[in-house]
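Please take a moment to look at the model on the screen before I go through it.

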Amino acid sequence: LLQFEDFGNGNAFRLLNQWQDKACTFNDDIQGTASVVVAGLFASVRVSKVPISEQTILFFGAGEAGVGIADLIADAIVDETGCSK
């Protein structure tokens with residue numbers, strides 16, 4: 001397992017992409033934060049009955065966490081709707 005964080009946007013995504021097919025990799029800032037946020041969205045969908053694809057989501061900033069959250073939300077919308085990314 002290659003776990004890392006706090007490498008900055010450019011390095012964090014580069015390292016994650018470089019190693020993800022060679023080793024089990026996990027970036028806490030990108031993937032950890034995103035998984036918690038998307039889990040919260042899934043819980044809100046269950047309560048509100050409003051699909052993620054119909055939610056209005058605002059991002060403030062484009063750091064590692066924000067970009068990771070946006071990517072995972074996009075993946076969730078693709079899974080939900082069957083549309084391509």
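I begin with a term: a residue is called buried when its relative accessible area is under 20%, exposed when that value is over 50%, and partly exposed in between. Please keep in mind throughout that this is a predicted model.

Let me apply the term to one residue. Asn27 has a relative accessible area of 0%, and because the limit for the buried class is under 20%, Asn27 counts as buried. This asparagine is found in strand E2, which covers residues 25–27. Which residues does Asn27 touch, once its neighbours within four places in sequence are left aside? The contacts are with Phe4, Glu5, Ala12, Leu16, Gly32 and Glu64.

Now to the chain as a whole. There are 3 helices and 2 strands, and in sequence order they give the pattern β-α-β-α-α. The C-alpha atoms fill a box of roughly 40 × 25 × 20 Å along the principal axes. Of the 85 residues, 24% count as buried. The accessible surface comes to about 5,600 Å², and carbon and sulfur atoms account for 59% of that area. Turning to contacts between residues at least 6 apart in sequence, 49% of them join residues at least 24 apart.

Next, the largest pocket, which holds about 160 Å³ of space. Which elements give two or more residues to its lining? They are helix H1 (9–19), helix H2 (28–48) and helix H3 (64–81). The lining includes Phe13, Leu16, Ile30, Asp71 and Lys85.

A backbone detail deserves a mention. Lys49 lies in the loop between H2 and H3. Its phi is near 65 degrees, a positive value in a residue other than glycine. Is Lys49 buried or exposed? With a relative accessible area of 67%, Lys49 is exposed.

I close with the cysteines. How many disulfides does the structure hold? The number is 0. Cys24 is exposed, with a relative accessible area of 54%, while Cys83 is partly exposed at 47%. The two labels follow from the cut-off: the exposed class requires a value over 50%, so Cys24 at 54% falls within that class, and Cys83 at 47% is placed in the partly exposed class.

Thank you for your attention.

Methods:
Residues are numbered from 1 along each chain as its sequence is written. This is a predicted model: local features need pLDDT of at least 70, side-chain atom pairs count only at pLDDT 80 or more; totals for chains, interfaces and linings use all residues. Side-chain values use heavy atoms; hydrogens and water are left out. A disulfide is a pair of cysteine sulfur atoms within 2.5 Å. Buried means under 20% relative accessible area, exposed over 50%, partly exposed in between (1.4 Å probe, protein chains only). Helices (H or I, at least four residues) and strands (E, at least two) are DSSP runs, numbered from the N terminus. Contact means heavy atoms within 4.5 Å. On a 1 Å grid over the protein atoms alone, a cavity is a set of points where a 1.4 Å probe fits but cannot get out, and a pocket is an open set with protein on both sides within 12 Å along at least five of seven lines; lining residues have an atom within 4 Å of a point. Grid points are joined across faces, edges and corners, and a volume is the space filled by probe spheres set on the points. Accessible areas come from the Shrake-Rupley method with a 1.4 Å probe; for residues, only the protein chains shown count as cover.
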